[in-house]
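Open the model in your viewer and keep the selection tool at hand.

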Amino acid sequence: MTSGRRTLTALHLLLVWAVTAVAVPTLGLGLVMSAWGGGGVGAAPVLLLGVPLTVGLLATAGIPARTVVPLCDSVGRRLGWAVLVLLLGTLGVVAGVAAYGGDVDLGSAATRIALTGAPYAVAAAFFVPSGWVRAGAVVVLAAAVVYGGVVGPEHARQRRHAAEVAGFREHPELLRLGDPPSGMRVAHAWVGPADFGVDYRGVREDEFAYVGLTVRSPLTPAARCPEPAEEDMTCTVGARGELRMVRELRGGVREITLVRRDRNAEVQVESQTLGEAGLRRVLDTLHPLSDGELAELMREDRIDHRP
């Protein structure tokens, strides 16, 4: 292909892209507006006017290529070529809309409008009798398939993951985690508007064991026992400000609650199955929730939001 024919081919494909990038979104907008105004009946005049006009514009864009594209060498054949390009390009647009999820990033509204003309330019390229031009069209088509089927969804997944992480870390000062007691594991965690909670349960499902950890913004300047005192409950506040509550429940069960200040947060642990020494070990091992720990909780769906 000579340099002159290469120039004409490039101009031809550029004109096809420019015409369809303007005409097709305009036609689509007209269809949407007519559907809002009068249902399916209102769309018919838009199609009757818009489709022939787009075909005419495409046929006009094919005039410079009449010495390059055989189907553009006469008015009649050029109209047939324009119909084929419009049909194939529209099929490409429909296939692209179906294949690309709504979360696949295609850029701004202006970029999406510009991309509308790409399937029509690719369709027109297949009518150019040049192996290099057609090979280029195949490459563009393959790139679109790869991006829509693999790269775009992966980027969308990464954006969703980053947004979820940011949501969980909205109050990082509250994301404190203690090491699980012996024979227990982190079963579930939740993030609230002003608190963070963790449920520890036994590793063995046939054995009941539970510890609850809650980290929240301090409710009072210093920890203090509830007033008036509850029946069957003893409460003391140690010299270092740690609160200890013991409730005597039915069947000889004791529920132990410890509350301690940790930096700018108030941390509470409670259990009916773990002793005071075990609860203190949970408090003594408090540490900021690491990225790895958060990723594991998210991957295993063991953390969520609570209102």
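In which helix is the place of L84? Select L84 in this predicted model: the residue sits in helix 2, which covers residues 75-99. Together with L84, they make a nonpolar surface patch of about 360 Å².

Next, zoom out to the whole chain. Seven helices and 10 strands make up its list of elements. The chain is more spread out than a compact globule, because its radius of gyration is 34 Å, well over the 19 Å that the globule rule gives for 307 residues. Along the principal axes, the C-alpha atoms fill a box of roughly 100 × 45 × 40 Å. Of the 307 residues, 35% count as buried.

Now go inside. Select F196, V198, Y200, L213 and I303, the residues with the most contacts inside the largest nonpolar core, which has 31 residues. Elements that each supply at least two residues of this core include strand 3 (195-202), strand 4 (210-216) and helix 7 (291-299). Strand 2 gives the largest share, four residues.

Stay on I303 and show what surrounds it. Beyond its neighbours within four places in sequence, I303 is in contact with residues including F168, H188, W190, F196 and L297.

For the last stop, select V16, C72, A125 and V133. These are among the 24 residues of another core, which lies apart from the largest one.

How values were computed: Residues are numbered from 1 along each chain as its sequence is written. This is a predicted model: local features need pLDDT of at least 70, side-chain atom pairs count only at pLDDT 80 or more; totals for chains, interfaces and linings use all residues. Side-chain values use heavy atoms; hydrogens and water are left out. Patches are made of residues with over 30% relative accessible area and no salt bridge: like charges are joined within 9 Å, nonpolar side chains (Val, Leu, Ile, Met, Phe, Trp, Tyr) within 5 Å. Accessible areas come from the Shrake-Rupley method with a 1.4 Å probe; for residues, only the protein chains shown count as cover. A salt bridge is a side-chain nitrogen of Lys or Arg within 4 Å of a carboxyl oxygen of Asp or Glu. The radius of gyration is taken over C-alpha atoms; the globule rule is 2.2 Å times the number of residues to the power 0.38. Buried means under 20% relative accessible area, exposed over 50%, partly exposed in between (1.4 Å probe, protein chains only). A nonpolar core is a set of buried Ala, Val, Leu, Ile, Met, Phe, Trp, Tyr and Cys residues joined through side-chain atoms within 4.5 Å. Contact means heavy atoms within 4.5 Å.
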